[in-house]
Amino acid sequence: MAGRSDERMGAVGFLALICLIACAQVGEAIWLTIPSSGTKCISEEIRSGVIVLADYYIVDDEQGHIGTSTISARVTSPYGNNLHHNENVTHGQFAFTTTEAGNYVACFWINGHRQEGVGLKIGVDWKIGVAAKDWESVAKKEKIEGVELELTKLEGAIEAIHSNLIYLKDREAEMREVSETTNARVAWFSIMSLGVCIVVSILQLWYLRIYFQKKKLI
Amino acid sequence: MEARHRSKNLLVSFFLLWSFLVTPISSLSVTVNDVECVYEYVLYEGDTVSGNYVVVDHDIFWASDHPGIDFTVTSPAGNSVHSQKGTSGDKFEFKAPRAGMYKFCFHNPYSTPETVSFYIHIGHIPNDHDLAKDEHLDPINVKIAELREALESVTAEQKYLKARDTRHRHTNESTRKRVIYYTLAEYLLLACASSLQVFYIRRLFSKSIAYNRV
């Protein structure tokens, strides 16, 4: 009896895993419309040490010919380094680990000549951090499956939430310091402007006195 | 006692494994010139579509607050499911009336391009109908799905906070720069004005121009 329920749990887990992977892959992707001329860029502010995994593909060609259109993609880091560059493809993917904190930009544009005003729909599957984690290999390595795998994923999500909270707290602390220095500076600079005003007027008067004395008018 | 010790070991090992793989914060930003639409597919009818969007400050010179951006969600049937006008950021949540491709559109009524940071999540919880259809699905999966959705809502809230924090940061940086540059400009202007005054007075008294006047 116990053996059969274990088997059943295994089957349940495997099916749930498949369902989840299917859901995750479809649910995460968003579709964008690239204009007929110009580029469409999406960006995200990411900190360093985060895995980024993305997949892009042409979804729908409004003109009706799916085979003839190609797109190009370019991904740049916040310091301007080119992380991924692909020309004339219908689909592609890129993966990298961020080394610098800042804004990462992924730009897409259509290759070739297109009718004015007719755009192209592409799907972008953008995952970072825990969402980019390969759960299948973890399941195989740790030899866990089913409910335990689900709970492990939930645990990963909770850890990520916790670390995000700490990250947000640190950012808020930095911002608070900037605010407070700005506040102190406003007070100091205003008083100093009064001082500058007085000093400048004293210099003026002193110079004019010397000038008039030289001219023998006083 | 044994099981608890083992699970604690598991917890520690997982934490060590993932301590460097963090941040699922994934709010994409897109620049809105006039209208920008993002599409997302909803698999099941009745799924909860939730998300948020924040307009990132683009250094407004005079106005004290952002003029706002319009946001509409269109169902695959073509009718508007959710709409919000003239805000600089909001959270939204609705139940999808049917499955299909939903369109999330941002409309910028002003000429300056704005950058909008958004996050969309579609949550599905297997209900009794799904359980009845698929005999392999355990009721525990429903509970796990509910837990996952709850965690997702926390994550979504964090993303919203992060986006608003970024906006606040821009304002702070702008204020800091303005304080420094405007006070320096003020001091220079003051010095210039007073030296101009001195030169003018000198000119009044110079012999070549106003010999008889003063």
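This is a predicted model: local features need pLDDT of at least 70, side-chain atom pairs count only at pLDDT 80 or more; totals for chains, interfaces and linings use all residues.
Before you start: local features need pLDDT of at least 70 and side-chain atom pairs count only at pLDDT 80 or more, while totals for chains, interfaces and linings use all residues. Residues are numbered from 1 along each chain as written, chains are lettered from A in the order written, and side-chain values use heavy atoms, with hydrogens and water left out.

**Exercise 1. Work out how many residues of chain A touch chain B, and which elements of chain A they come from.**

Step 1: take contact as heavy atoms within 4.5 Å. On that cut-off, 73 residues of chain A meet 62 residues of chain B.

Step 2: go for the area, meaning the accessible area (1.4 Å probe) that two parts lose on being put together, summed over both. The two chains bury about 6,400 Å² between them, and 65% of that sits on carbon and sulfur atoms. Leu154(A), Ile161(A) and Met175(A) supply 9% of what chain A buries against chain B, more than any other three residues.

Step 3: look at polar contacts, i.e. pairs of N or O atoms within 3.5 Å, where one must be able to donate a hydrogen and the other to accept it, and residues adjacent in sequence count only if both atoms are side-chain atoms. The interface has 16 such residue pairs, both partners at pLDDT 80 or more.

Step 4: H1 (2-28), S1 (30-34), S2 (39-46), S8 (120-128), H2 (135-142) and H3 (147-214) of chain A each give at least two residues to the side touching chain B. H3(A) has the largest share, 38 residues.

**Exercise 2. Find the salt bridges between the chains.**

Step 1: the rule asks for a side-chain nitrogen of Lys or Arg within 4 Å of a carboxyl oxygen of Asp or Glu.

Step 2: inspect two pairs. Arg171(A) and Asp165(B) meet at 3.0 Å, N to O. Glu36(B) and Lys40(A) have their closest N and O atoms 2.5 Å apart. Glu36(B) is in S2 (residues 35-42) of chain B and Lys40(A) is in S2 of chain A, so this pair joins two chains.

**Exercise 3. Describe the hairpin of S4(B) and S5(B).**

Step 1: S4 (69-74) and S5 (80-87) of chain B pair antiparallel over five bridges, with Thr72(B) opposite Ser83(B).

Step 2: five residues lie between the strands, and Gly78(B) takes a positive phi near 110°.

Conventions
Helices (H or I, at least four residues) and strands (E, at least two) are DSSP runs, numbered from the N terminus. Two strands pair if DSSP finds at least two bridges between them.
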